[in-house]
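Have the viewer open as you read.

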Amino acid sequence: NESPTAADLQKILGSVESDYDEAIASKLISELDGKTIHEVVAAGKEKLKGFGGGGGGGGPVAAATGGGEAATAAKEEKKAVVEEEEEEDM
């Protein structure tokens with residue numbers, strides 16, 4: 001649909017059991033009036049260029065590796081505590 005209406009939005013949101021707000025839908029429709037989806041997407045991409053991106057992906061991987069070693073050490077310590085408690089019970 002080249003010119004969706006607030007009713008169209010309500011139908012779409014209702015189909016995925018999402019909340020619908022008449023005021024927000026009306027504002028969105030009025031702001032998009034006379035624009036094509038291609039214009040809106042192009043303008044959005046241009047705005048997103050300022051946010052940068054990429055990088056920073058290596059940190060969580062290193063942390064996950066370290067966390068795995070810590071988890072193994074914690075399991076071994078817990079096992080030792082359980083064995084000590086069993087010996088005390090005897």
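Why are glutamate 31 and lysine 27 separated by about one helical turn? Because the two sit four residues apart in helix 2. In general, an α-helix has 3.6 residues a turn, so residues three or four places apart point the same way. Glutamate 31 and lysine 27 form a salt bridge, with their closest N and O atoms 3.8 Å apart; the term means a side-chain nitrogen of Lys or Arg within 4 Å of a carboxyl oxygen of Asp or Glu. Lysine 27 is exposed, at 52% relative accessible area, while glutamate 31 counts as partly exposed at 44%. The cut-offs here are under 20% relative accessible area for buried, over 50% for exposed and partly exposed in between, using a 1.4 Å probe and protein chains only.

Before going on, a word on what you're looking at: this is a predicted model, where local features need pLDDT of at least 70, side-chain atom pairs count only at pLDDT 80 or more, and totals for chains, interfaces and linings use all residues. Residues are numbered from 1 along each chain as its sequence is written, and side-chain values use heavy atoms, with hydrogens and water left out.

Now zoom out. The chain has four helices and zero strands, so its pattern along the sequence reads α-α-α-α, given that helices (H or I, at least four residues) and strands (E, at least two) are DSSP runs numbered from the N terminus. Of its 90 residues, 2% count as buried. The accessible surface comes to about 7,900 Å², with 57% of that belonging to carbon and sulfur atoms; the areas come from the Shrake-Rupley method with a 1.4 Å probe, and for residues only the protein chains shown count as cover.

Back to helix 2, which covers residues 22–32. At its start, a side-chain oxygen of aspartate 21 reaches to within 2.9 Å of the backbone nitrogen of alanine 23. Just after the helix, glycine 34 takes a positive phi of about 85°.

Leu28, Leu32, Ile37, Val40 and Val41 make a nonpolar patch of about 380 Å². Patch residues have over 30% relative accessible area and no salt bridge; like charges are joined within 9 Å, and nonpolar side chains (Val, Leu, Ile, Met, Phe, Trp, Tyr) within 5 Å. Leucine 28, in helix 2, is partly exposed at 37%. Isoleucine 37, in helix 3, is exposed at 59%.

The largest pocket has a volume of about 350 Å³, and of its 14 lining residues, Glu2, Ser3, Pro4, Leu32 and Lys35 are the closest to its centre. Helix 2 and helix 3 are the elements that give two or more residues to this lining; helix 2 has the largest share, with three. A pocket, on a 1 Å grid over the protein atoms alone, is an open set of points where a 1.4 Å probe fits, with protein on both sides within 12 Å along at least five of seven lines; lining residues have an atom within 4 Å of a point.

Terms used. A polar contact is a pair of N or O atoms within 3.5 Å; within protein, one must be able to donate a hydrogen and the other to accept it, and residues adjacent in sequence count only if both atoms are side-chain atoms. Grid points are joined across faces, edges and corners, and a volume is the space filled by probe spheres set on the points.
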